[in-house]
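Good morning, and thank you for coming. Please look at the sequence and the structure on the screen, and I will then take you through some parts of the model.

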Amino acid sequence: MLRSMKQKFGSKTTKGNSVSRDEPAPQQNSRQTTASSSGLSGRAGSISRNNSLPVREKIPQPSLDPASAQQYYADTLPSFRDVPNSEKQALFIKKLHLCAFTFDFTDQSKNVREKEVKRQTLLELADYINQKDGAKFTDSVAEDVIFMLNNNLFRALPATKSHDQDNTDPDEEEPTLEPAWPHLQIVYEFLLRYVCANDTDAKIAKKYVDQSFVVRLLELFDSEDPRERDYLKTILHRIYGKFMVHRPFVRKAINNVFYRFVFETEHHNGIAELLEILGSIINGFALPLKDEHKSFLHKALMPLHKPKCVGLYHQQLAYCVTQFVDKEPSLAEPVLGQLLKFWPLTNSQKEVLFLGELEEILEMTQATEFAKIMVPLFKQVAKCLNSSHFQVAERSLFLWNNEYIVSLVAQHRQVILPVVFNALESNARSHWNPAVHGLTSNVKKVFQDMDMNLWRECEAHYQQEEAKQRSLREQRQKQWQQIERKAAQRSAAMQR
């Protein structure tokens, strides 16, 4: 078996001054034996130049064609347990080369033996790098590691269905699972351990885990397989933590994914996972926030409220936004302004999500920032109070269950109550849902307890407006009646 390996890969030699396991040691003649007994200088002089020890040559990477695959998989490589420590690194490289070949998993009947051999070899590689008997990811193997990873991971993803909610419901669709996952899972585990390993020197590895590698990794986030996206999320987060030189580029590359999603395609499977990574990154931002980070909030994060499929990632998006407001409360006013800008007009489910996010942001908003945005904000809340969709009306009324929001409203009740009074009265009189009726009564009582005199003023003003509107309706009805009478008279005259 070892002879066949030599024929395929070339003879093995070890580094330094040790003799290769596969080659016999040079024979000493009688003169060399005599010289060795006479001193170190005699021993050095007795070794000829032709007998100098060989230096290990780098094993060439294979060409990934069917003929090479057939040649590489013709013989079985030995296990790491069957070779001495001096040969394990060379065997490690050969196994990496063997696993660089990929196979078609759409046809389960093709390359059955090779697929199983590769799977077992990947498992052996994963077990080998877990052993704590010396550095595994040295500079000499980094290129071969990336060669294997590149050829397994970076591939064209299959076309996916649109997330247009007018046509399909993404929550009810079954995701398309990756057929090659039996191999890919182990490769992702290998990559994760490579990035996290203590013997992976970031200063050396950055030559291979470069910007191009990061971009191609980000492209894989559009995979429909949630198992793959989960691994990618963990790995990209680890790369961001270990390779500090790549941090600005990673943030910029994620920005570009968001821009393309919002302004071009409105389709991407991995937005939620990318936002989870960003949530952790934002949490580590130092204060005061840089202009770059504020620009990211306004230009990349807030526009993510626009797509129809925002429900797929809204929880992660709201967490990122509230992290910014928590770190710098002065951002509350522009953030709330942008939230109102993207407020849905006809999508009730999005309105419910927006109201939930609105409450989270208001909990972190200071009174000075609240005063700047309260009028347009509660005009929108008043519209939600009057929504015929009971969940929207109910969720907007729940805002008054929050003690901090009630305290902000109490400070500015002279402005806010006149804005929402008509909506509350309209709900109390004519809303079809009993639960909304009950909640409206509770909110009215909250305002009455705050300032009964103000409530009576608003009530009197509302009654005056109602009287005016009733008078206008009556006048309009009389005008229409006059028009109808004249039209009937003219029609009768023409018939004569």
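Let me begin with a term: a residue is buried when its relative accessible area is under 20%, exposed when that area is over 50%, and partly exposed in between, using a 1.4 Å probe and protein chains only. The model is a predicted one, in which local features need pLDDT of at least 70 and side-chain atom pairs count only at pLDDT 80 or more, while totals for chains, interfaces and linings use all residues. Residues are numbered from 1 along each chain as its sequence is written, and side-chain values use heavy atoms, with hydrogens and water left out.

First, the overall picture. The protein has 23 helices and 0 strands; these are DSSP runs numbered from the N terminus, with helices being H or I of at least four residues and strands being E of at least two. Of its 496 residues, 44% count as buried. Contact means heavy atoms within 4.5 Å. Among contacts between residues at least 6 apart in sequence, 75% join residues at least 24 apart.

Now to helix α19. How many of the 8 residues of α19 are buried? The number is 6, and α19 is thus described as mostly covered. The buried residues are Val392, Ala393, Glu394, Arg395, Ser396 and Leu397. They pack against α17, α18 (367–385), α21 (413–430) and α22 (434–450).

Let us take the partner α17. Two packed helices are described by the angle between their axes and the distance between the axes. Axes here are lines fitted to C-alpha atoms, for helices over the stretch in contact, and angles run from 0 to 180 degrees between N-to-C directions. For α17 (residues 348–362) and α19 (residues 390–397), the axes come within 9 Å and cross at roughly 5°. The two helices are therefore roughly parallel to each other; angles under 35 degrees count as roughly parallel, over 145 as roughly antiparallel, 65 to 115 as roughly perpendicular, and the rest as oblique. On the α17 side, the residues in contact include Ser348 and Val352, and on the α19 side they include Val392 and Arg395. Serine 348 is buried, with a relative accessible area of 19%. Leaving out residues up to four places away in sequence, serine 348 touches His389 and Val392.

A second pair is α5 (residues 85–99) and α6 (residues 112–130), whose axes come within 10 Å and cross at roughly 140°. That makes α5 oblique to α6. Among the residues that meet are Phe92 and Leu96 in α5, and Leu122 and Leu125 in α6.

Next, the interior. A nonpolar core is a set of buried Ala, Val, Leu, Ile, Met, Phe, Trp, Tyr and Cys residues joined through side-chain atoms within 4.5 Å. The largest nonpolar core has 136 residues, and Phe258 and Leu301 have the most contacts inside it. Helix α8 (residues 181–196) gives the most to this core, with 10 residues. Beyond residues up to four places away in sequence, phenylalanine 258 touches several residues, including Ile271, Phe296 and Leu301.

Finally, a loop residue. Aspartate 222 lies in the loop between α10 (211–219) and α11 (226–242). At 22% relative accessibility, aspartate 222 counts as partly exposed. Aspartate 222 and proline 158 are 64 residues apart in sequence, yet 9.7 Å apart in space, C-alpha to C-alpha. Setting aside neighbours within four places in sequence, aspartate 222 is in contact with Leu157, His267, His268 and Asn269. Thank you for your attention.
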